[in-house]
Amino acid sequence: MAGTDMDPEVARGLFEEGATLVLLGVPEGTELGLDYKTWTLGPRFRGVKMIPPGLHFLHYCSVSTNGGCGEISPKTGLFLSLKPRQVLVAHWNKSADDLEISQNSEEVERVRANLKELDRYLGPYPYDTLRKWVSLTDRLSQEVAVALQPLSGRVCAFSDVIPELQLTHTKDRVQQNLSRNDQECQSMKEGLDRLPRMKQREGTELRFSSIPKQAYPPGATPAQITQYSMDRSYTLNAVLERHYKEQPLNVLGELQFAFVCFLVGNVYEAFEHWKSLLALLCRSEEAMKDRKELYLGLIAVLYHQLGEIPPDFFLDIVSQSNFLTSTLQDFFQFASSPGVDSTLRKRAEKFKVHLTKKFRWDFDADLDDCAPVVVELPDGVTVD
């Protein structure tokens with residue numbers, strides 16, 4: 001780990017108040033990162049010092065040396081909430097290929113007493129990326145992160161899946177294979193149907209807020225169903241009532257959590273949830289009139305997130321089906337409607353100008369150009 005140029009005053013403050021992460025036994029060649037920075041570890045690495053107190057994301061890809069072939073495994077990450085001057089000790093578990101945080105207070109105190117000797121093996125926190133990290137997590141509290149992360153505490157790039165049907169006896173497994181594979185598949189669907197159904201291993205699932213599939217209340221009329229499907233405020237309010245009743249603005253923390261898990265943790269499922277949550281927020285017209293602070297916060301969160309997405313993501317993923325442009329077009333249209341607070345309306349207009357300049361997106365283009373046209377036929381005329 002290379003040294004980081006740091007303001008001497010800041011360095012002194014972090015040296016005195018910063019937390020220390022002591023990571024013992026991590027194999028050489030492991031890709032390890034803290035927040036927005038990643039390193040390939042050398043033989044002398046023992047951890048990171050001068051870490052600003054607060055929420056951080058430690059992530060790593062171990063190197064498998066089986067058969068002498070160094071293969072990088074999928075990324076694993078965990079959120080840590082560090083206090084001033086805290087010392088956190090973790091050991092590499094070779095059999096699990098994972099870090100285990102020490103719960104032994106005596107060991108932690110021994111390491112703390114030995115920090116001066118360890119100092120030359122500790123890399124400084126990457127202060128040059130701190131501003132970016134804070135801008136991506138300023139709405140994400142420790143409580144929200146703990147509530148959203150898997151019960152295992154590990155955020156994994158690839159799901160840990162097991163068969164839905166646990167067949168414990170060999171004869172049952174043989175019987176199932178015989179019934180599935182005794183004749184040739186007639187179609188791709190049949191082939192997929194024969195594969196064992198899988199589910200995520202309990203405790204490894206991200207625990208995002210559930211967005212109701214039904215966008216309207218029970219007993220809604222056809223006209224109301226149409227209205228609730230166009231303005232999703234009913235669904236948004238249901239999500240906030242269920243998950244964030246006391247602090248509705250914490251939903252912005254969830255948006256940031258999902259984004260970090262995708263951008264830094266490589267979790268595609270988190271990207272899908274980010275899209276769903278963003279679409280819900282952007283397409284809730286009535287909520288914009290009632291929840292000014294939430295939407296001022298949303299603009300700030302999106303400003304920083306869209307500034308960090310690598311350009312090729314826009315081409316490959318984010319631009320699919322014009323997701324961002326169509327979603328934000330709805331947002332800007334709703335934000336300019338009567339009844340929306342003037343501060344929010346002006347802030348949205350400035351944000352629109354910024355995005356138009358930066359990404360050359362045209363939010364005023366008519367996305368309905370390709371929509372089917374409804375034609376009123378004269379009386380007595382029918383279409384065969």
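This is a predicted model: local features need pLDDT of at least 70, side-chain atom pairs count only at pLDDT 80 or more; totals for chains, interfaces and linings use all residues.

Visitor: What is the relative accessible area of R85?
Guide: R85 is not a glycine, yet it has a positive phi of about 65 degrees. With a 1.4 Å probe and protein chains only, buried means under 20% relative accessible area, exposed over 50%, and partly exposed in between. R85 counts as partly exposed because its relative accessible area is 45%.

Visitor: What phi does D97 have, although it is not a glycine?
Guide: D97 sits in the loop between β9 and β10 (98-101). Its relative accessible area is 35%, so D97 is partly exposed. Although D97 is not a glycine, its phi is positive, at about 55 degrees.

Visitor: How many disulfides does the count come to?
Guide: A disulfide is taken to be a pair of cysteine sulfur atoms within 2.5 Å. As for individual cysteines, C61 has a relative accessible area of 6% and is therefore buried, whereas C156, at 35% relative accessibility, counts as partly exposed. By the distance rule, the number of disulfides is zero.

Visitor: How far apart in space are F257 and T137, C-alpha to C-alpha?
Guide: F257 is found in helix α10 (residues 250-263), and it counts as buried because its relative accessibility is 0%. Setting aside neighbours within four places in sequence, F257 is in contact (heavy atoms within 4.5 Å) with F79, L140, A145, L148, Q149, L206 and F208. F257 and T137 are 120 residues apart in sequence, while their C-alpha to C-alpha distance is 7.4 Å.

Visitor: Is α10 roughly parallel or roughly antiparallel to α13?
Guide: Axes are lines fitted to C-alpha atoms, for helices over the stretch in contact, and angles run from 0 to 180 degrees between N-to-C directions; under 35 degrees counts as roughly parallel, over 145 as roughly antiparallel, 65 to 115 as roughly perpendicular and the rest as oblique. The axes of α10 and α13 come within 10 Å and cross at roughly 10 degrees. The relation of α10 to α13 is therefore roughly parallel.

Visitor: How many charged residues does the contact of α10 with α13 have?
Guide: On the α10 side are V251, L252, L255, Q256, F259 and L263, and they meet L294, G297, L298, V301, Q305 and E308 in α13. Ala, Val, Leu, Ile, Met, Phe, Trp, Tyr, Cys and Pro count as nonpolar, Asp, Glu, Lys and Arg as charged, and the others, Gly among them, as polar. By class, this contact has eight nonpolar and three polar residues, and the number of charged ones is one.

Visitor: How is α11 oriented to α13?
Guide: The axes of helix α11 (residues 268-282) and helix α13 (residues 292-308) come within 12 Å and cross at roughly 140 degrees. That angle is why α11, relative to α13, is oblique.

Visitor: How many nonpolar residues are in the contact of α11 with α13?
Guide: α11 passes α13 in a left-handed crossing, the near helix being turned anticlockwise from the far one by less than a right angle, with clockwise giving right-handed. The contact is made by W274, L278, L281 and C282 of α11 and by L294, Y295, L298, L302, Q305 and L306 of α13. One of its residues is polar and none is charged, while the nonpolar count is nine.

Visitor: Which residues does K352 touch, not counting those up to four places away in sequence?
Guide: K352 lies in helix α16, and at 15% relative accessibility it counts as buried. The axes of helix α15 (residues 323-335) and helix α16 (residues 342-359) come within 9 Å and cross at roughly 145 degrees. L328, F331, F332 and A335 of α15 meet R345, A348, F351, K352 and L355 of α16. Beyond four places in sequence, K352 touches F332, F363 and D364.

Methods: Residues are numbered from 1 along each chain as its sequence is written. Side-chain values use heavy atoms; hydrogens and water are left out. Helices (H or I, at least four residues) and strands (E, at least two) are DSSP runs, numbered from the N terminus.
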